[in-house]
Amino acid sequence: MTANAPGADGAPAELPPPRRHADSHAGPQVRYCPFCGRDLAVDAFLQEYWTGSTRNFHLWCPNCAAVAEVVTGGDVVSHEPAH
Ligand SMILES: [Zn+2]
């Protein structure tokens with residue numbers, strides 16, 4: 001089924017709302033390598049893309065040659081064990 005294919009009742013399928021440019025860049029960028037911790041300077045490859053509402057960063061670090069996918073998450077709800 002394609003995005004423009006009609007629904008089961010023949011009515012036009014609903015398209016997702018358009019993504020606003022300002023929303024797509026909300027939140028901080030990945031600035032440091034998740035492996036060596038060094039700053040991802042201009043020599044690094046860093047590409048931001050989205051899967052649905054999830055922000056993903058594909059990166060290559062010139063300092064340690066690591067390739068990584070960093071996926072942003074929502075809030076974490078956890079508990080603190082008794083001390
Ligand atoms: Zn690195």
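**A tour of the three-stranded sheet**

Begin by selecting the three strands, which form an open sheet in the order β1-β2-β3 with antiparallel pairing; strands here are DSSP runs of E with at least two residues, numbered from the N terminus, and two of them pair if DSSP finds at least two bridges between them. Colour β1 (45-51) and β3 (67-71) next: they stand at the edges with a single partner strand each, so one side of each is left without a neighbour in the sheet. From one strand to the next, the twist averages 20°, an angle taken between N-to-C directions on a scale from 0 to 180 degrees, with axes that are lines fitted to C-alpha atoms.

What is open here is a predicted model, in which local features need pLDDT of at least 70, side-chain atom pairs count only at pLDDT 80 or more, and totals for chains, interfaces and linings use all residues. Residues are numbered from 1 along each chain as its sequence is written.

Now show β1 and β2 together, where seven bridges pair the strands in the antiparallel sense, and select Tyr 49, whose bridge partner in β2 is Asn 56. Moving to the turn of this hairpin, which has two residues between its strands, you will find Gly 52 with a positive phi of about 65°.

Then turn to β2 (residues 54-60) and β3, which run antiparallel and are joined by five bridges. Finish at the hairpin of β2 and β3, where six residues lie between the strands and Ala 65 takes a positive phi near 65°.

Note on methods: Helices (H or I, at least four residues) and strands (E, at least two) are DSSP runs, numbered from the N terminus.
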